[in-house]
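Good morning, colleagues. May I ask you to look at the structure on the screen while I describe how its parts are arranged.

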Amino acid sequence: MPQRQYVIDEMISAKAIAARIEAVARDISTHFADTDKLVVVGLLRGSFVFIADLVREIDLPVEVDFLEASSYGDDTTSSREVRILKDLRGKIEGRDVLVVEDIVDTGHTLTHVLHMLGGRKPRRLAVCALLDKPARREVEMNADWIGFEIPDEFVVGYGIDFAQRNRNLPYIGKVRFTGDEA
Ligand code: IMP
């Protein structure tokens, strides 16, 4: 498949991400201080780096589970249809659940996932997203914790991909197309 040429400009450094995660994790630990165990649910695949760093800063007993919902294809536009590709392994009824997402964009993915998980009667259900693009929102969706609010730019790195590339960058970078088709 032809791949558009692009360069990546650093937007949020690895150091800034680490500092912000420490602060957010502290707040989450305080919020759920009375829990017996927090079920941290990572939305695959974009949250895999974020969840790894976040759980190591959360000062509570945690269990980690993963859910995969379809959102983007190999393109920079969001599809509206949300499908669950991989469900949780564990039950969440009566449990404290924190859903961890990489980016809240149009809001469709999280709205769908929260509706589905809410139906399983967790004790508490909260959301932590690394990035928020409020300018792109199509349905009302507010995460309880946000790492960074960003403008309407396509970003990669720190687990986030463009057509499955660039997930391994240690920072968040913005994609700048240089015009040519390869
Ligand atoms: P939403 O359903 O439109 O909120 O889409 C959320 C999902 O779209 C995120 O979990 C990402 O996987 C993907 N996404 C949104 N913005 C970007 C981006 O800038 N880069 C890469 N993926 C993105």
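A word on the basis first. This is a predicted model, in which local features need pLDDT of at least 70 and side-chain atom pairs count only at pLDDT 80 or more, while totals for chains, interfaces and linings use all residues. Residues are numbered from 1 along each chain as its sequence is written, and side-chain values use heavy atoms, with hydrogens and water left out.

Helices (H or I, at least four residues) and strands (E, at least two) are DSSP runs, numbered from the N terminus. Six strands form an open sheet in the order 4-3-2-5-6-7, with mixed pairing; two strands pair if DSSP finds at least two bridges between them. Strand 4 (84–86) and strand 7 are at the edges with a single partner strand each, so one side of each has no neighbour in the sheet. Strand 3 (residues 62–69) and strand 4 run antiparallel and are joined by two bridges. Within strand 4, Lys-86 is the bridge partner of Glu-68.

Which strands does helix 1 lie across? They are strand 2, strand 5, strand 6 and strand 7, and helix 1 runs at about 160° to strand 7. Such angles, from 0 to 180 degrees, are taken between N-to-C directions, with axes as lines fitted to C-alpha atoms, for helices over the stretch in contact. Helix 3 (residues 108–118) also packs on the sheet, and its direction makes about 170° with that of strand 5.

Let us stay with helix 1. Its buried residues (under 20% relative accessible area, with exposed over 50% and partly exposed in between, for a 1.4 Å probe and protein chains only) are Ile-17, Ile-21, Val-24, Ala-25, Ile-28 and Ser-29. Seen down the axis, these fall within an arc of 140°, so they line one face of the helix; the arc is that of the directions from the helix axis to the C-beta atoms. Lys-15, Arg-26 and Thr-30, on the other side, are exposed.

Finally, the cores. A nonpolar core is a set of buried Ala, Val, Leu, Ile, Met, Phe, Trp, Tyr and Cys residues joined through side-chain atoms within 4.5 Å. The largest has 29 residues, and those touching the most other members are Ile-28, Leu-54, Leu-98, Leu-131 and Ile-172. Helix 1 gives five residues, the most to this core. Another core, of 19 residues, lies apart from it and includes Val-39 and Leu-114.

Notes:
Contact means heavy atoms within 4.5 Å.
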